[in-house]
Amino acid sequence: MHTADYISAIPELMRDRSLGEQPLAFIHTYGCQGNVSDGERIAGLLEAMGFGFTDDVNKADFILYNTCAVREHAEDRVFGNVGALKHVKRRNPNLIIALCGCMVQQQHITDRFKESYPYVNLIFGTHVIHRLPELLYRLLTGEKRVFELSQEDCTLHEDMPVRRDGRIRAWLPVMYGCNNFCTYCIVPYVRGRERSRDTDSIVREFEDIVKMGYRDITLLGQNVNSYGRSADCPARFPELLRTLDQTDGEYWLRFMTSHPKDCSMELLDAMKDCRHTARHLHLPFQSGSNEILQRMNRRYTRERYLELIAAARERMPDISITSDVIVGFPGETREQFEDTLSLIREVRFTSLFTFIYSPRKGTPAAEMEDGISAKEKSERMSELLRLQESIAAERCASMVDSVQRVLVEEQMSDGRLSCRTGGNIIIAADCAGDGAAYVGQFAEARVTAARNWTLAGELVTG
């Protein structure tokens with residue numbers, strides 16, 4: 001049978017199992033925007049198989065947790081939420097409980113679910129999302145439990161149906177996997193090696209997204225600026241960016257996540273030249289210490305990172321820089337942590353995504369000696385956050401009285417409009433008249449007050 005045959009067979013097989021007239025699916029996604037994009041493709045397949053959707057697990061006929069493996073906390077939440085489904089399954093024996101994503105791509109995690117959660121019916125990995133109709137068919141035609149975690153299929157399956165969340169922001173994966181093997185990171189082991197999507201397929205999907213009216217479009221990849229490094233891909237990432245920018249329409253074009261070792265001057269030139277590219281660069285530095293960067297296998301230095309920031313600001317003085325940083329990597333000394341603080345002071349990031357190091361089983365860093373206490377790591381994190389908060393407050397204060405081009409994303413309960421700048425800063429803006437009419441549109445907003453991480457303002461109308 002082909003995928004289309006499985007899809008057409010599912011509605012009849014679900015007819016007598018559903019709680020209502022139409023089978024309903026509940027999907028919860030953890031982790032990065034890449035996982036969100038995977039979830040949208042899974043939802044597209046389920047919709048093609050006749051499913052509707054619900055936010056209530058008690059009304060669902062199919063429950064899926066799309067999991068993340070980057071932090072231990074995310075894994076603990078999955079175990080807790082799946083454990084709570086035991087009672088839901090008891091009330092509805094026909095309920096199908098499924099798990100997918102990076103977390104379950106780890107063998108020791110899947111073994112735990114097999115042994116301790118017998119009511120979980122389906123577990124599948126990141127490489128076989130396109131096979132969901134087949135896997136569900138197998139469950140509905142006699143198999144009690146289905147586990148499919150193979151990484152052997154490295155083919156990128158284009159033209160999968162997509163059910164996108166929201167109507168304003170869209171996620172577009174351009175590549176999958178990672179070849180970097182940072183010593184703390186589990187992603188290359190669960191996502192596999194780098195695979196770049198076909199350029200023409202990306203362009204077609206991008207054009208469709210623009211035609212559908214999405215205004216803020218983000219290109220995704222575990223290491224997005226290494227796009228095109230495989231032998232069979234004719235375009236590199238700067239060229240892809242320039243190609244997509246030629247698409248007519250009113251939109252912002254973003255990308256993440258970038259790796260500093262692959263961030264080139266050609267890419268910065270493309271950002272400067274492209275008329276749709278948002279003035280926002282997310283460039284994770286992880287540590288300001290060269291010794292720690294080497295132990296992390298990041299393959300760039302502090303000096304190289306600062307060169308890239310200087311080059312980006314030379315080309316685009318108004319660019320907003322955001323980043324990721326890890327506190328408490330195994331063996332990090334106070335002096336090495338100070339190197340991180342000094343880099344933050346020098347760059348003056350718009351915002352940071354901050355993490356206390358979380359050991360991941362199977363990675364080299366998990367075997368490194370770590371003499372830093374949890375208390376000290378927590379204290380360092382608090383110190384870093386205080387520093388970044390003061391920098392963000394100063395940056396936001398400097399924007400007061402400026403007029404910013406914004407995308408109006410939603411009307412909040414108090415009537416104000418939640419707006420996003422090209423630099424990815426949120427402005428809560430007052431508006432005279434019908435604010436709802438501006439949702440999904442670009443507008444001008446005058447900044448009237450700074451609130452540490454966000455801004456207050458008013459739309460400039462008339």
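I sorted the lining of the second largest pocket by residue class and found 8 nonpolar, 6 polar and 11 charged residues. I note at the outset that the model is predicted.

**Entry 1. The pocket.** I looked up the volume of the second largest pocket and recorded about 490 Å³ of space. Its lining comprises 25 residues, and those closest to the centre are Arg-41, His-157, Glu-158, Met-160 and Tyr-176. Of the contributors, H7 gives the most, with 5 residues.

**Entry 2. Helix H2.** I turned next to H2, which has 16 residues. From its first C-alpha to its last I read 23 Å, close to the 22 Å expected at 1.5 Å a residue. Is H2 largely enclosed by the rest of the structure, or largely open? I count it as largely enclosed, because 12 of its 16 residues are buried. I listed the buried residues as Gly-34, Asn-35, Ser-37, Asp-38, Gly-39, Glu-40, Arg-41, Ile-42, Ala-43, Gly-44, Leu-45 and Leu-46.

**Entry 3. The nonpolar cores.** I looked up the largest nonpolar core and found 54 residues. Those with the most contacts inside it are Leu-219, Phe-237, Leu-241, Phe-255, Leu-281, Tyr-305 and Phe-349. Helix H11, residues 302-315, gives the most to this core, with 6 residues. I recorded a second, separate core of 28 residues, which includes Val-57, Ala-60, Ala-74 and Ile-186. Returning to Leu-241, I set aside residues up to four places away in sequence and listed its contacts as Leu-219, Leu-253, Phe-255, Leu-267, Ala-270, Met-271, Cys-274 and Thr-277.

**Entry 4. Leu-240.** I located Leu-240 in helix H8, which covers residues 237-245. Is Leu-240 buried or exposed? I class Leu-240 as buried because its relative accessibility is 0%, and the cut-off for buried is under 20%. Which residues does Leu-240 touch, not counting those up to four places away in sequence? I found Val-174, Thr-199, Ile-202 and Tyr-227. I also checked Leu-240 against Gly-228, 12 residues apart along the chain, and their C-alpha atoms are separated by 8.8 Å.

Terms used:
Residues are numbered from 1 along each chain as its sequence is written. This is a predicted model: local features need pLDDT of at least 70, side-chain atom pairs count only at pLDDT 80 or more; totals for chains, interfaces and linings use all residues. Side-chain values use heavy atoms; hydrogens and water are left out. On a 1 Å grid over the protein atoms alone, a cavity is a set of points where a 1.4 Å probe fits but cannot get out, and a pocket is an open set with protein on both sides within 12 Å along at least five of seven lines; lining residues have an atom within 4 Å of a point. Grid points are joined across faces, edges and corners, and a volume is the space filled by probe spheres set on the points. Helices (H or I, at least four residues) and strands (E, at least two) are DSSP runs, numbered from the N terminus. Ala, Val, Leu, Ile, Met, Phe, Trp, Tyr, Cys and Pro count as nonpolar, Asp, Glu, Lys and Arg as charged, and the others, Gly among them, as polar. A nonpolar core is a set of buried Ala, Val, Leu, Ile, Met, Phe, Trp, Tyr and Cys residues joined through side-chain atoms within 4.5 Å. Buried means under 20% relative accessible area, exposed over 50%, partly exposed in between (1.4 Å probe, protein chains only). Contact means heavy atoms within 4.5 Å. The expected span of a helix is 1.5 Å times one less than its number of residues.
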